[in-house]
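Trainee: I would like to learn how to read the features of a structure. Please take me through one.

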Amino acid sequence: MRGESGAKRALDGAKRLWQKSGVRWALGYAFILLCGAALVYYWRLEYGFAYFSPGTATLLVCAFFSAMYLAVFLCAHFVRQRLAVKTAVLIFCAGACFAAANPPLQAPDETMHFVRSYALGMGDFTFDQNKDYPADVDALAAAFPGFYNQELIAPGTASMTDGFERYRAILDGEEAAAPNASTVTQQFFYYLPQAAGIAAGRLFGADALACLYLARAANLAFYALLCGAAVRLARRYLPVLIALMASPIALFIAASCSPDAMFLGASWVFLGVCLSGALTQKRAAALAACFAAMFYIKFTAVGMLPLLALLAPEKQGLAKEEAKRARKKLLAAALACAAAAFVLYEALSAYTALASNYGRVPYADTGVDPAAQLAFILQNPVRYAAVFVYSLYRDKANLFSAGSFGWMDMSVPFVNYFTPMVWLFAAGLCAWEAAQEKLRNIWLMGVCAALLYATTYTGMYLTSTPVTLPEINGVQTRYLLGAFFCVFAAAAALLGRTMALQDAQRAKAQKTPPAWRMLHISYCYAALSAILLFQSYYLGP
């Protein structure tokens with residue numbers, strides 16, 4: 001009996017100790033350091049260390065893990081009840097991992113985006129195809145060409161670190177001068193955040209390589225702020241929204257020199273307003289601004305416009321006049337979105353025509369003619385439908401391509417196959433609240449997902465696929481994140497309905513709400529994915 005009572009006292013003491021937050025944080029930190037040491041040991045066995053000793057590598061990795069853990073600790077203690085702020089901070093921290101893991105100019109079309117942003121950072125808002133960029137910009141573009149992994153690393157011709165050495169060799173005059181950098185993009189609107197980072201770097205004398213990383217950081221910070229705003233606005237499906245905005249592919253592109261950081265950030269804010277439950281004048285203005293930005297960057301944004309119907313109030317309990325006013329407000333918001341998109345597009349197109357000397361820029365593939373291909377679709381709708389369905393089947397609806405980084409030439413299988421599982425888990429976390437979703441809204445999200453798939457694939461057929469091909473080229477997972485939200489939000493509602501969760505009674509409220517739990521899981525998953533990307537680029541697959 002004494003032994004039993006002693007064991008019980010020890011167990012009670014352990015429980016009391018575990019209830020102290022300081023003990024839990026200390027044990028968590030010890031576990032994080034253990035993970036860092038284990039990771040270094042694994043790398044040492046598999047690849048060895050060419051530039052660091054094992055001890056130095058362990059210190060560096062543990063310092064990185066400590067910084068990530070510190071970000072979570074500070075968020076937990078200083079923004080306890082502010083999910084939007086915590087989301088913005090953790091998305092920036094997780095995205096910074098991708099900014100570091102992704103080598104220079106290895107995001108899709110990052111070279112031309114960076115070169116245009118650099119011109120803007122110099123204060124040049126014209127579009128001169130003969131512009132002479134500084135020597136360090138030329139050297140950076142020459143040292144890190146597109147498809148670096150596929151053309152140089154995969155065949156064993158060079159390693160990623162060779163690019164940094166070549167960049168310095170060109171600047172020091174040890175190699176021939178690099179060819180002049182150039183870009184065909186003639187826009188400024190969606191480059192403003194990253195151009196601000198470059199301008200700040202130039203102000204302090206940073207070279208092109210440092211300016212690239214500053215541009216990425218500025219782009220990421222802008223994206224993180226928009227994500228925080230979306231979380232603050234949304235009132236339902238928060239776990240799915242957080243899982244998608246913090247997904248590895250979204251953070252990878254947001255932490256690069258890419259206009260998609262603005263496109264995705266504006267998409268999340270647009271969704272946040274649609275999920276806010278009420279339409280006010282400020283929210284209507286936010287909808288119009290976001291839709292205009294989205295449409296100007298990618299025409300596929302039209303597929304998200306029907307989601308405004310999520311703001312429609314319940315018909316039951318509304319007087320006839322109130323229902324009529326609600327419909328008018330929604331119609332006015334939709335018209336405002338369309339008008340804002342039209343005005344922004346026409347104004348910026350007119351500016352480009354005045355400030356550019358490029359003339360007509362041909363498509364990368366000489367067999368592409370959008371007008372002729374659109375006519376072909378209209379004349380042969382059955383054939384195009386077959387091409388569309390086959391391409392969707394070939395790509396597995398892009399659900400298992402979220403780990404295709406670089407210029408789609410760097411694939412991380414773990415991320416490819418686990419990302420949909422993370423999204424499905426987020427849908428499960430939403431199931432209890434989504435069980436009450438109206439059937440009309442479930443159908444609406446299904447229709448929007450279909451529209452986004454159709455407009456994305458058709459757009460790539462018109463601009464990136466020769467008409468003679470029986471398949472559609474160039475579709476990337478990041479183009480379809482809005483469609484994935486609709487798919488997994490609808491899945492959450494269906495899960496809730498089929499599992500009869502609407503009748504379940506909870507004994508007590510969860511200590512950690514689903515949205516907070518999903519944020520922590522997404523943060524850890526994104527950091528792990530960034531580590532795997534770093535390993536693939538710098539150490540080998």
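Mentor: Axes are lines fitted to C-alpha atoms, for helices over the stretch in contact, and angles run from 0 to 180 degrees between N-to-C directions. This is a predicted model, where local features need pLDDT of at least 70, side-chain atom pairs count only at pLDDT 80 or more, and totals for chains, interfaces and linings use all residues. Residues are numbered from 1 along each chain as its sequence is written, and side-chain values use heavy atoms, with hydrogens and water left out.

Trainee: How many helices and strands are in the chain?

Mentor: The chain has 21 helices and two strands. Both are DSSP runs, numbered from the N terminus: helices are H or I with at least four residues, strands E with at least two.

Trainee: What describes two packed helices?

Mentor: The angle between their axes and the distance between the axes. Here, helix 5 (residues 110-121) packs on helix 6 (residues 135-143) at about 170 degrees, with the axes 11 Å apart. The two helices are therefore roughly antiparallel to each other.

Trainee: Which residues in helix 5 and helix 6 meet?

Mentor: Contact means heavy atoms within 4.5 Å. Helix 5 brings Thr111, Phe114, Val115 and Tyr118; helix 6 brings Asp136, Val137, Leu140 and Ala141. The residues of this contact divide into six nonpolar, one polar and one charged. In that scheme Ala, Val, Leu, Ile, Met, Phe, Trp, Tyr, Cys and Pro are nonpolar, Asp, Glu, Lys and Arg charged, and the others, Gly among them, polar.

Trainee: What describes a pair of aromatic rings?

Mentor: The distance of the centres and the angle of the planes. Rings of Phe, Tyr and Trp (its six-membered ring) pair if their centres lie within 6.5 Å; planes under 30 degrees apart are stacked, over 60 edge-to-face and the rest tilted. The count comes to 28 aromatic pairs by this rule. Phenylalanine 125 and phenylalanine 188 have ring centres 5.8 Å apart and planes at 70 degrees, so this pair is edge-to-face. Phenylalanine 125 sits in the loop between helix 5 and helix 6, and phenylalanine 188 in the loop between helix 8 (160-171) and helix 9, so the pair ties together parts 63 residues apart in sequence.

Trainee: Is phenylalanine 188 buried or partly exposed?

Mentor: Buried means under 20% relative accessible area, exposed over 50%, partly exposed in between (1.4 Å probe, protein chains only). Phenylalanine 188 is buried, at 18%. Phenylalanine 125 is partly exposed, at 33%. Across the chain, buried residues make up 49% of the 541 residues.

Trainee: Which residues have a positive phi although they are not glycine?

Mentor: Among them are aspartate 109, with a phi of about 60 degrees, and phenylalanine 147, with about 55 degrees. Aspartate 109 is in the loop between helix 4 (83-101) and helix 5. Phenylalanine 147 is in the loop between helix 6 and helix 7 (148-153). Aspartate 109 is partly exposed at 32%, and phenylalanine 147 is partly exposed at 29%.

Trainee: What does threonine 455 touch beyond four places away in sequence?

Mentor: Threonine 455, in helix 19 (residues 439-464), touches Thr300 and Val302. Threonine 455 and valine 302 are 153 residues apart in sequence, yet 8.3 Å apart in space, C-alpha to C-alpha. In the chain, residues 24 or more positions apart account for 80% of the contacts with a separation of 6 or more.

How values were computed: Angles under 35 degrees count as roughly parallel, over 145 as roughly antiparallel, 65 to 115 as roughly perpendicular and the rest as oblique.
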